[in-house]
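Let's take a walk through the salt bridges of this protein. Have the model open and follow along.

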Amino acid sequence: MNAIQLLVNLIGFGLIAAIVWWFFFYKNQAATARRSAGDLQEVDITVRGGYSPAQIVVEAGRPVRLHFTRKESSACSEEIVFPQFGKRARLPENRTVTLEVTPERPGEYEFACGMNMLHGKLIAR
């Protein structure tokens with residue numbers, strides 16, 4: 001094995017390790033929704049290759065306004081779906097779209113893009 005083959009193998013193993021880490025060990029930090037007037041909770045979510053924040057902690061039983069701003073042109077992120085609330089919306093590029101949901105009980109409520117490739121989660125406590 002010459003030096004170039006060794007280098008290619010090392011780069012390949014490094015990429016494999018990075019992919020394994022990303023899919024199995026990377027944990028997004030959860031953000032807590034801010035309280036606004038009344039009982040509302042609000043959070044701004046940026047859509048760019050995923051949702052940031054992807055995990056949002058909210059209070060159960062209070063309405064949550066989610067402000068999605070899509071900052072990419074990928075077709076995958078054109079739509080947001082909340083299956084447990086029966087809601088979905090189109091996310092035009094560089095515009096903010098607001099969805100309001102109310103997690104009535106504590107639990108985890110997942111959301112995803114229309115192609116089910118990007119995922120996020122509301123954690124109601």
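Here is a tour of the charged pairs, one at a time.

A quick word on the ground rules: this is a predicted model, where local features need pLDDT of at least 70 and side-chain atom pairs count only at pLDDT 80 or more, while totals for chains, interfaces and linings use all residues. Residues are numbered from 1 along each chain as its sequence is written, and side-chain values use heavy atoms, with hydrogens and water left out.

The structure has seven salt bridges, a salt bridge being a side-chain nitrogen of Lys or Arg within 4 Å of a carboxyl oxygen of Asp or Glu. Take Arg35 and Glu59, whose closest N and O atoms sit 2.8 Å apart. Arg35 is in strand S2 (residues 34–35), and Glu59 is in the loop between strand S5 (55–58) and strand S6 (64–70), so this pair links distant parts of the chain, 24 residues apart. Strands here are DSSP runs (E, at least two residues), numbered from the N terminus. Arg35 is partly exposed at 43% relative accessibility, and so is Glu59 at 32%; partly exposed falls between buried (under 20% relative accessible area) and exposed (over 50%), using a 1.4 Å probe and protein chains only.

Next, look at Glu100 and Arg65, which meet in a salt bridge at 2.9 Å, N to O. Because Glu100 lies in strand S9 (residues 96–101) and Arg65 in strand S6, the pair ties together parts 35 residues apart in sequence. Glu100 is partly exposed at 34%, as is Arg65 at 31%.

Finally, Lys121 pairs with Glu108 at 3.3 Å between the closest N and O atoms. Lys121 belongs to strand S11 (residues 119–124) and Glu108 to strand S10 (residues 107–113), 13 residues apart.

Technical notes:
Helices (H or I, at least four residues) and strands (E, at least two) are DSSP runs, numbered from the N terminus.
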